[in-house]
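Hi everyone, thanks for coming. I'd like to walk you through one structure today, and I'll take it piece by piece. Please have a look at it first.

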Amino acid sequence: SRSPSPLAALSRVLRLERNRRTAVVFPLQNLERFLAPGVDTTRFHLFQPSLAALHRAEELFRSSRHHVIDYVSSAVRMDHAPPPSLPEVCFVGRSNVGKSSLIRALFSLSPEVEVRVSKTPGHTKKMNFFKVGKHFTLVDMPGYGYRAPQDFVEMVEAYLQERQNLKRTFLLVDGVVGLQKTDHIAVEMLEEFGIPYVMVLTKIDRVSRGLLLKNVLEIQEFVKEKAQGCFPQLFLVSSVEFSGVHLLRCFVAHVTGNLPEVEDS
């Protein structure tokens, strides 16, 4: 088992000085001060949970004797998937977007949970199911684009269309390069099936502030103009520096119905 990141627990983040704390918990809002005057920032604040909600979400991601978090199974076909008994979220994105690293960061307070992270893009070839106690299931989907499994389309389309307990799809986009052609294809698929989804920008520690801001504004404009089923607020994350991970845990808890105190946005 591995040691969790120093900032994996909210209690450690709250000891940081204010600007650093905001950068870790609310990285999108942290960018606001660098915007030109007059830019509409409504979409920067749509999901703004309380400290109590962030703590409650953290407890859901912390394994205990009475709340076991564990890898359940892998599947290449829907008839191999575990029964759809709990609310479910899935994470999908290009092969090298950092999907497994992000899922490992989400589960970092439960280091016994085995999330395989490979230096080789396209390592995830199956749908991997993780059960979070009696509360929800999280699914790590194979990456698309470079080195995607041969039957990727059939597998993912079948999952998205048939999985009745799917509450939200998290579409991961590389924060360094922004939306790519393959991401547009993924968006078109989600829109066509009427699947509610949210966009997550990964690797924000690897990109300059100016380029990150440019990518954020371009994607927000794309979502506003072209997307019907996408939650209007982007989520920014760094699995290395832990930025945005606490907020993302909270949003997962929220969409799976485990934060009744957070109003539906």
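The crossing of H6 over H7 is right-handed. Keep in mind as we go that this is a predicted model. Helix H6 covers residues 152-162 and helix H7 covers residues 181-193. For H6 and H7 the angle is about 30°, and the axes are 10 Å apart. Angles under 35 degrees count as roughly parallel, so H6 is roughly parallel to H7.

Which residues in H6 and H7 meet? From H6 we have Val156, Glu157, Leu160 and Gln161, and from H7 we have Met189, Leu190 and Phe193. Sorted by class, this contact of H6 with H7 holds five nonpolar residues, one polar and one charged.

How many residues does the largest nonpolar core have? It has 47, and those with the most contacts inside it are Phe91, Phe107, Leu138, Phe170, Phe235 and Leu248. Helix H9, residues 245-255, gives the most to this core, with eight residues.

Leaving out residues up to four places away in sequence, Phe170 touches Val89, Cys90, Phe91, Val92, Val198, Val200, Leu248, Phe251, Val252 and Val255. Apart from this core lies another, of 44 residues, and Leu35, Leu190, Tyr197 and Ala227 are among them. You've met Leu190 already, as one of the H7 residues in the contact with H6.

Last stop: Gly38. You'll find Gly38 in the loop between helix H3, residues 27-31, and helix H4, residues 51-60. Is Gly38 buried or exposed? Its relative accessibility is 83%, and the cut-off for exposed is over 50%, so Gly38 counts as exposed. Along the chain, Gly38 and Thr22 are 16 residues apart, and their C-alpha atoms are separated by 22 Å.

That's my tour, and I'm happy to go back to any part of it.

Methods: Residues numbered from 1 in each chain as written. Predicted model: local features only at pLDDT ≥ 70, side-chain atom pairs only at ≥ 80, totals over all residues. Heavy atoms only, no water. Core = buried A, V, L, I, M, F, W, Y, C linked by side-chain atoms within 4.5 Å. Buried < 20%, exposed > 50% of the residue type's maximum accessible area, 1.4 Å probe, protein only. Helix = DSSP H or I, 4+ residues; strand = E, 2+ residues; numbered from the N terminus. Contact = heavy atoms within 4.5 Å. Axes fitted to C-alpha atoms, helices over the stretch in contact; angles between N-to-C directions. Parallel < 35°, antiparallel > 145°, perpendicular 65-115°, else oblique. Left-handed = near helix turned anticlockwise from the far one by under 90°. Nonpolar A, V, L, I, M, F, W, Y, C, P; charged D, E, K, R; others polar.
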